[in-house]
There are 2 protein chains.
Amino acid sequence: MADAITPRAEDYSRWYVDVVRQAKLADYSPVRGCMIIRPHGYALWENMQRSLDDMFKATGHENAYFPLFIPQSFLAREAEHVEGFAKECAVITHSRLEVDEETGGLRPAPDAKLEENLIVRPTSETIIWDAYSRWIQSWRDLPIKINQWANVVRWEMRTRLFLRTMEFLWQEGHTAHATKQEALDETRLILELYADFAENYMALPVVKGTKTASERFAGAVDTLCIEALMQDGKALQAGTSHFLGQNFSKAFNCQFQNRENELEYAWSTSWGVSTRLVGALVMAHSDDSGLVLPPKLAPIQVAIVPIHRGDDDKATVLEAAGAIADEFRDRGIRTRLDDREGFRPGWKFAEHELQGVPLRIAIGPRDVKNGTVELAQRNTADKQTVPREGIADRIVSALESVQKSMFSNALAFRESNTHHVDDYDSFKEVIEGGGFVYAHWDGTDETEARIKEETKATIRCIPLDAPDEAGKDLVTGAPSARRVLFARAY
Amino acid sequence: MADAITPRAEDYSRWYVDVVRQAKLADYSPVRGCMIIRPHGYALWENMQRSLDDMFKATGHENAYFPLFIPQSFLAREAEHVEGFAKECAVITHSRLEVDEETGGLRPAPDAKLEENLIVRPTSETIIWDAYSRWIQSWRDLPIKINQWANVVRWEMRTRLFLRTMEFLWQEGHTAHATKQEALDETRLILELYADFAENYMALPVVKGTKTASERFAGAVDTLCIEALMQDGKALQAGTSHFLGQNFSKAFNCQFQNRENELEYAWSTSWGVSTRLVGALVMAHSDDSGLVLPPKLAPIQVAIVPIHRGDDDKATVLEAAGAIADEFRDRGIRTRLDDREGFRPGWKFAEHELQGVPLRIAIGPRDVKNGTVELAQRNTADKQTVPREGIADRIVSALESVQKSMFSNALAFRESNTHHVDDYDSFKEVIEGGGFVYAHWDGTDETEARIKEETKATIRCIPLDAPDEAGKDLVTGAPSARRVLFARAY
């Protein structure tokens with residue numbers, strides 16, 4: 001059915017790409033750096049979207065949609081923002097193609113050159129704050145808490161399916177508030193929401209923290225993030241929530257009359273997660289046989305495979321399998337009754353395994369007679385014969401327990417790959433083996449840059465929950481009050 | 001709260017834009033032709049999406065996502081397709097901006113000029129058939145029934161919020177089949193699905209038909225469509241389903257081994273509806289006080305406005321209103337308890353009216369004492385005092401009856417604006433007054449073009465259910481076997 005998957009131990013990067021492509025999550029496209037998200041990958045993203053969207057709405061956010069194109073001049077309005085994004089953007093210069101008489105091919109029509117170039121949004125702060133400056137007059141118009149689900153483009157040189165692509169899908173929240181405190185609270189609320197999603201839906205433990213100045217979003221006063229550890233010991237940033245202060249309201253002259261009747265610039269936040277999370281999910285849980293998916297996000301939670309030889313068996317087995325499928329669907333379990341003709345059961349098993357279906361039920365004539373089914377669990381490879389009676393209850397509780405055990409396993413993996421280091425030599429040695437490293441840092445850009453240069457490790461974040469602990473910087477020996485989190489990262 | 005809405009009778013176009021902007025469905029953006037879909041408009045679109053998506057999935061379709069960018073050369077592969085789309089596309093020529101030393105502004109970096117220009121997808125047949133040609137080897141790989149929810153860009157010169165915008169949101173289905181008949185069946189299945197959605201969700205009666213050659217999708221063998229009549233007597237195309245034959249499989253060399261072990265080109269369809277439907281919804285049902293929305297799609301189905309004067313009343317009234325809201329939500333009714341402080345009830349009433357909330361409940365201290373509430377219905381402006389007891393049942397059935405009566409009203413409007421005409425002079429006179437006109441046509445491009453030129457009316461479709469009826473062409477007198485549907489259109 002599928003080509004062999006390169007084992008993780010042999011080549012983790014190839015293993016990742018093999019799993020993504022063979023499980024049909026995504027494929028390459030003829031446009032360098034742009035990927036095709038195939039139905040199985042998109043169904044996973046849809047489940048992520050649905051869960052996150054419910055969380056956003058439950059906390060008072062609304063969805064909207066802003067234009068794909070941004071006038072070139074808008075980028076330049078916020079000094080750091082342009083610095084961060086002008087280097088990697090798709091520039092639209094013409095509005096029409098025409099036949100090139102010389103070559104017979106197409107070319108941009110010279111008379112359709114735009115007066116002002118447009119860029120494809122790399123993120124939407126500028127176009128959104130232009131609108132907010134028209135919508136916000138008074139404190140009564142605040143807060144505005146808008147989210148959008150959209151595609152964005154950043155001209156990345158080295159791309160990788162899901163993890164880093166030129167075009168990606170994401171959600172970007174953009175909020176405007178009357179006070180600084182409200183905006184700070186929002187930034188934090190979203191960080192907690194992201195952490196909740198990562199841990200309770202993706203089964204992925206995360207460290208919550210603040211980015212250092214050099215890792216901050218271009219235009220933010222402060223960037224909060226969640227950081228997760230992948231199976232190869234590298235860190236992956238899984239979501240960011242930015243406190244933007246008044247940077248964009250000033251750049252777009254968005255002032256409002258506050259409760260004291262004074263003009264004030266609005267306070268803002270922005271925050272996002274992307275299809276990168278699909279990559280994180282693969283990297284965190286999958287194995288050499290393919291995908292392993294947490295039940296809460298799996299497009300199919302249980303596959304039912306009827307097994308029959310003769311035509312006599314067939315009707316009986318299909319009927320029994322169908323009745324189980326109906327029972328599951330009534331309980332809200334996402335079920336696939338895999339009664340495809342012309343494929344052997346073993347082939348189907350391998351496909352469900354490859355695609356990460358958490359639970360699989362096989363039922364044959366003997367099972368029907370004995371009142372049993374065979375239940376297989378993807379993440380542990382356990383297989384057992386269980387009673388047909390009460391099977392739906394068993395599945396509901398098995399899905400819950402798989403979800404929990406995937407989280408505990410990921411947490412145990414992270415704990416056993418987390419180190420506390422106090423001198424630079426040990427740091428260099430430990431970082432070589434991968435994992436999270438907590439160490440003291442003197443707070444300067446210079447030291448951070450030197451460590452990155454010499455070890456390829458970056459400060460993933462200044463953890464929010466790190467205890468006060470006096471120490472000395474790894475490199476300079478300067479005093480430090482708390483440890484920060486280092487790792488090599490995606 | 002809002003500026004006055006221009007009455008329909010005075011200026012229908014201005015009325016439309018006033019309603020869209022004042023009901024906060026959409027706003028203009030600084031990029032000409034690109035609109036901002038505001039939360040109320042987006043919530044409406046989300047409800048449309050959810051309903052359509054469920055229908056697609058129930059008929060075996062899966063969602064996926066293909067790249068935003070298409071290599072310029074792809075467009076040229078299908079001769080009619082390039083003819084149709086090269087004239088109006090956004091061309092990306094550079095991947096970086098840099099500071100222009102002379103002006104201090106930004107410019108595309110000359111060394112970041114692309115080897116091959118990319119265009120922003122106006123539709124995705126080409127990029128998708130490039131992928132299908134890699135995915136399809138055998139009849140076992142068929143059918144592929146994929147849909148995507150995406151943004152597309154067509155460089156329109158004259159734009160109008162929702163109805164015609166440079167960027168719009170839509171869904172585009174792209175299917176591949178082993179036989180011609182299967183593809184034809186799919187084209188028809190989707191047409192029926194669109195008609196079902198238009199009539200039963202949007203409360204919008206439609207005529208199903210086939211486009212003439214000149215109105216066909218660029219690259220299609222046949223285009224089926226649904227056509228609706230707006231309040232100003234103009235037609236609006238509300239959805240199209242194309243039978244593409246083997247045009248794109250040939251252009252992208254997508255051959256498969258059929259059951260007879262012969263190589264054959266795959267058969268295909270594509271189909272779409274867009275945010276244009278939001279404009280159709282406004283134009284079909286709304287009035288001089290603002291939006292009128294069908295309950296099945298309304299973001300808020302019932303608004304509850306508590307009315308109190310003193311602080312004594314307040315607690316009692318709010319408690320009663322809250323209890324009603326809880327009861328409604330338990331029944332799955334999309335409910336807004338409008339307990340905003342600082343706004344008078346009359347102001348709230350006007351806002352709910354403007355935004356098209358189908359039902360409104362007001363409750364004051366006297367109502368609480370009497371066990372009543374006031375129930376107002378948006379589409380008829382009826383108001384009555386009804387018992388508090390059993391209010392949820394009453395609302396559920398009122399929502400159903402509003403949905404039905406909106407459809408019957410729209411149908412009655414269409415019937416009274418549908419004409420059968422047999423000579424060209426009458427045609428010219430009747431078409432001037434708007435509406436649908438059934439007339440005979442000789443089937444030639446020339447006659448069609450002449451009628452369009454002279455009357456601005458186009459053939460909206462050759463209706464699927466038109467009875468056989470011998471007649472003579474309006475203009476040439478040549479024989480015709482069935483009437484076709486003419487109208488001036490959006």
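In chain B, Ala203(B) sits in the loop between α6 (180-200) and β11 (207-210); helices (H or I, at least four residues) and strands (E, at least two) are DSSP runs, numbered from the N terminus. Bear in mind that this is a predicted model, where local features need pLDDT of at least 70, side-chain atom pairs count only at pLDDT 80 or more, and totals for chains, interfaces and linings use all residues. As for labels, residues are numbered from 1 along each chain as its sequence is written, while chains are lettered from A and ligands numbered from 1 in the order in which they are written.

Back to Ala203(B): its phi is near 60°, a positive value in a residue other than glycine. This residue is buried, with 27 other C-beta atoms within 10 Å. The cut-offs, with C-beta atoms placed from the backbone, are 20 or more other C-beta atoms within 10 Å for buried, 12 or fewer for exposed, and partly exposed in between.

Ala381(B) also has a positive phi, near 65°. It lies in the loop between β20 (372-377) and β21 (383-387) of chain B, and with 10 C-beta neighbours inside 10 Å it counts as exposed.

| Bond | Omega | Loop holding the proline |
|---|---|---|
| Leu142(A) to Pro143(A) | about -5° | between α5 (125-135) and β9 (144-153) of chain A |
| Leu142(B) to Pro143(B) | near -5° | between α5 (125-135) and β9 (144-153) of chain B |

Now for chain A as a whole. It has 14 helices and 27 strands, and its C-alpha trace spans about 80 × 70 × 55 Å along the principal axes. Of its 490 residues, 49% count as buried. Among contacts in chain A with a separation of 6 or more, 67% come from residues 24 or more positions apart; a contact here is two residues whose C-beta atoms, placed from the backbone, lie within 7 Å.

How do the chains meet? Between them, 50 residues of chain B are in contact with 50 residues of chain A. On the chain B side, strand β5 (residues 91-94) gives the most, with 4 residues. By class, that side has 31 nonpolar, 10 polar and 9 charged residues (Ala, Val, Leu, Ile, Met, Phe, Trp, Tyr, Cys and Pro count as nonpolar, Asp, Glu, Lys and Arg as charged, and the others, Gly among them, as polar).

Strand β5 (residues 91-94) of chain A pairs with β5(B) in the antiparallel sense over 3 bridges, where pairing takes at least two DSSP bridges between two strands. Within this pairing, Ile92(A) has Ile92(B) as its bridge partner.
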